[in-house]
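Here are my notes on the structure shown below. They are set out as numbered points and can be read alongside the model.

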Amino acid sequence: MAPDAAADAVDERWMRHAFALADHAEHAYDEIPVGAVLVGADGQPLGEGWNRNIADHDPSAHAEIVAMREAGRRSGNHRLVGSTLYVTLEPCAMCAMALVHARVARLVFGAADPKTGACGSVFDLVADPRHNHRVQVRGGVLGEEAARRLTNYFRAKRGRPPL
């Protein structure tokens, strides 16, 4: 397997794990199905999460933040240097800046967010040269599937059939 193909396979594997977390958010908590897993430079998971805004009554409890909080507690450090965050939906501004502050090395997301995406769609906060850290971004990993999952969640909320 070529190096790029091997890297793609790793990204897809972790994105599928993030999908499972998103499914858990939807089915166990009726949350918007977004899942995230933070993987260390050694390839081991450091933290994971799903949207918990509704369940926790916490507007900051996005999947990315939940995963980074867990990783920080587990590692005993607020800096998550060398890590990669896999998330099913492009992060918003709050989450994008948390990635910068935590010094996450790489972001891999599924669906782009044309309304509030802050990692290349509406804004590109993680690449802004004014910050003291930039995050490498790879978007669109299993993006069609990620977008379809979110679309179907909202269609179900409106009583419409899935796509």
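1. Helices in this note are DSSP runs of type H or I with at least four residues, and strands are E runs of at least two, both numbered from the N terminus. The model is a predicted one.

2. Most residues other than glycine have a negative phi. Asp30, although not a glycine, has a positive phi of about 55°; Asp30 is found in the loop between H1 and S1. Leu142 is another non-glycine residue with a positive phi, near 55°, and its place is in the loop between S5 and H5. Are these residues buried or exposed? Asp30 has a relative accessible area of 39% and is therefore partly exposed. Leu142, at 18% relative accessibility, counts as buried because the cut-off for that class is under 20%.

3. On the sheet: 5 strands form an open sheet with mixed pairing, in the order S2-S1-S3-S4-S5. Strand S2 (45-50) and strand S5 (136-138) are the edge strands, each pairing on one side only. Neighbouring strands of the sheet are turned by 15° against each other on average, direction ignored.

4. Within that sheet, S3 and S4 pair in the parallel sense over 5 bridges. Val108 in S4 is the bridge partner of Tyr86. S4 is mostly covered, as 6 of its 6 residues are buried.

5. Which elements do the helices meet? H3 lies across strand S1 (35-39), S2 and S3, and runs at about 145° to S2. As background, an α-helix has 3.6 residues a turn, so residues three or four places apart point the same way.

6. The largest nonpolar core has 41 residues, and those with the most contacts inside it are Leu85, Leu99, Val104 and Leu107. At least two residues of this core come from each of helix H1 (3-29), S1, H3, S3, H4, S4 and helix H5 (143-157). H1 supplies the largest share of this core, 6 residues.

7. What does Leu107 touch, leaving aside its neighbours within four places in sequence? Its contacts are Leu85, Val87, Pro91, Leu99, Cys119, Val135, Gln136, Val137 and Arg138. Leu107 is also one of the residues with the most contacts inside the largest nonpolar core.

8. The largest pocket has a volume of about 600 Å³. Its lining consists of 24 residues, and Ile32, Leu89, Asp113, Leu150 and Phe154 lie nearest the centre of this pocket. Helix H2 (53-56), H3 and H5 each supply at least two residues of the lining. Which element supplies the largest share of the lining of the largest pocket? That share, 4 residues, comes from H5.

Key
Residues are numbered from 1 along each chain as its sequence is written. This is a predicted model: local features need pLDDT of at least 70, side-chain atom pairs count only at pLDDT 80 or more; totals for chains, interfaces and linings use all residues. Side-chain values use heavy atoms; hydrogens and water are left out. Two strands pair if DSSP finds at least two bridges between them. Axes are lines fitted to C-alpha atoms, for helices over the stretch in contact, and angles run from 0 to 180 degrees between N-to-C directions. Contact means heavy atoms within 4.5 Å. A nonpolar core is a set of buried Ala, Val, Leu, Ile, Met, Phe, Trp, Tyr and Cys residues joined through side-chain atoms within 4.5 Å. Buried means under 20% relative accessible area, exposed over 50%, partly exposed in between (1.4 Å probe, protein chains only). On a 1 Å grid over the protein atoms alone, a cavity is a set of points where a 1.4 Å probe fits but cannot get out, and a pocket is an open set with protein on both sides within 12 Å along at least five of seven lines; lining residues have an atom within 4 Å of a point. Grid points are joined across faces, edges and corners, and a volume is the space filled by probe spheres set on the points.
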